[in-house]
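Q: I have a structure open here and would like to go through it. Can we take it piece by piece?

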Amino acid sequence: MRILIATGGDDHTDTALQLGGLLAEMIDAPVTLLTVIGSEREWVQAEAILTRAQTLLPAAVAVKTKIRVGQRARQIVLEVAQLEKAGRQILLVLGERSHRGLSKRLLAPTVERVLQQMPCPVLIARGRVQPPKHLLVCESGREPSLLHRLLHRFKPLLLAADVLTVLHVMSQMAAGPGVPGWELRADAQALMEEQTPEGQLLEADLAQLRQLSAHLEAKVRHGLVVREILAEARSGDYDLIVIGAHQATQWERFLLDDLAQEIVDHADRSVLVV
Amino acid sequence: MAQRDRLVETAPASTVEIETMRLPQAVRAETVQAVQPALRYLARGLLFLASLFLFILAITLMKEGARALGPLVRDHFQIATAANSLGFGWLFAYVVMSGSPVAAAALTFFDAGIIDRLGAFAMITGSRLGASFIVLFLGFIYVLRGRNRSTSLSMGLLSLLVTGTTYLAGLLIGLLLLNSGWLDGFQPGTGAILNSATDLVFDPVAEFFLSLLPRWSLFLVGLGIILTSFNLFDKCLPQMALKESQVGRMSRLVYRPWVMFLLGAAVTLISMSVSVSLSILVPLSQRGFVRRENVIPYIMGANITTFIDTLLAALLLDNPLAFTVVLVEMLSITIVSIFVLALVYRPYHEMMLNAVESIVRRNRNLALFMLTILVVPLILLLL
């Protein structure tokens, strides 16, 4: 795996550099530092940005640098495609400037644009920079499961974690008065004991994780997906929120809501979108 | 069956006979299987025609009867202001457990000059507020029978709260639109033609009823018939048996609010009733569950097209101003819904769900809420 960190020399991209560097050290992955400029005239500044960026990475990490010219999000996606063509799995690390309200609606920040194309797993660095030891894995129930994808692509990350919490949010409510719905109030343990679809999902996840040394826990929350994930993230000492990407294809892109983007927008800590 | 067995025993060569005897039965079974759906569709088609016939008849009778009810409604119920009409429509919908007949009644009262168009508009709004109580009422019965409060009441409460907030905001926009007269020019050209065609068939029926009953009672007969007509119409709707199907899988996804808004509007355009549209969600989902994220825009869409039968009633009355009243009702709710969806959807969504959660959290909260929705229309009526 190679870690691609995009930097523009700002404070928020410094967070991405520091977290990306920590991860690279943890999982022993080489890093590519990328900066994107609007025109060739900015080349000198770009080199300065990359030189400074290297000083923020741990010394043991192997680093390559790259400068691209053009529109930021597009060039990042193109760089990912180029690296993947070379046969490497890529983790893209981005920092995010805080955008709220009208400016966010009008400008569509780089992170949002990149996530819309989702060229590879993306880590949005935010908040405290520390090794991701406590992971909140938000399992949606879609196939293949998020944990399956995580194990496939980020096993070293899971191996390095101390605590793994698998969270499933049940946002369902009874569609009518006569619907029996004890599941709508049940906790993870009860759902697993009764072998409901949610319980089976959590049980399968825990079974997959038992091969790791980390402490495991399964949680179920009831309510709106985004609200509950954010509430859980704030309630615990989580270093990283892991969520599935908005996997819409063709018609689904127009019909389905992009909850992943909302979580990324509102989370107060780093989010890994797989 | 016994005869067939005997043939097998007596002559092995009669296998052919067995086949020939079986064949007509098998063919018959296949034919029955092939014909059954067609018969079902035919029966539904006939039910639809019967419900339409009864609907038009009911409007004709209510229109006749409403003229004689003027003094009673004005003096006994003292419906003089828009607030009184709002409360009256609201309570009336509680009594008949449906909003559409009350909305139709509001138009016939308006047509008879008993209430003005602001009154008709407010009474129609009241009818929807009262109608949205139905799902909650059903849930309340389940609670009394020992079911969980939250599971039984959440959908009804959500429906009532969404309807209440959007309609009360729509009431202000609607009153503004009606007073400005901006929509008075929008009139269909088919009203008079439709009316003269239905007059030919239904006026003699109304005359027949008039020869037997006092004029005022025709309104009540019409009200009974319109309720029957809606019941028949509900039976025309296809029964959903889609559990574990692809549709079941689709019900687990979270859709964009606009998609659910349009879906709610489309389903209710066919079913004509918000409560029926909501009940359709039960078999559409695997375990009778729906995603919280999907429900509110669905209700908002349903709340607009539920007026389609009232619009038809206005056409049947051949009263251009009645048509404008319904059009304003639909437009004002559409404006409010679009505003909410486009600009304040997330906070509105959270506010509605938080309100539901806090109401079902304690018996005291629920009792207070139920008391409020009973007392408020009464106060409005007595103002």
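A: Start with the contacts in chain B. Among those between residues at least 6 apart in sequence, 84% join residues at least 24 apart. Keep in mind that this is a predicted model.

Q: What secondary structure does chain B have?
A: Chain B has 17 helices and one strand.

Q: And how many of its residues are buried?
A: In chain B, 50% of the 383 residues count as buried.

Q: Change of topic. What pLDDT does chain B average?
A: The average for chain B is 84, and 86% of the residues score at least 70. Over residues 1-20 of chain B, though, the pLDDT is below 50. That stretch has nine contacts in the model beyond near neighbours in sequence. Residues 241-247 of chain B also stay under 50, and for them the model has nine contacts beyond four places in sequence.

Q: And the scores for the model, ipTM and pTM?
A: The ipTM is 0.84 and the pTM is 0.84.

Q: How many disulfides are there over all chains?
A: The count is zero. Cys120(A), for one, is in no disulfide.

Conventions
Residues numbered from 1 in each chain as written. Chains lettered and ligands numbered in written order. Predicted model: local features only at pLDDT ≥ 70, side-chain atom pairs only at ≥ 80, totals over all residues. Heavy atoms only, no water. pLDDT = per-residue confidence, 0-100. Contact = heavy atoms within 4.5 Å. Helix = DSSP H or I, 4+ residues; strand = E, 2+ residues; numbered from the N terminus. Buried < 20%, exposed > 50% of the residue type's maximum accessible area, 1.4 Å probe, protein only. Disulfide = S-S within 2.5 Å.
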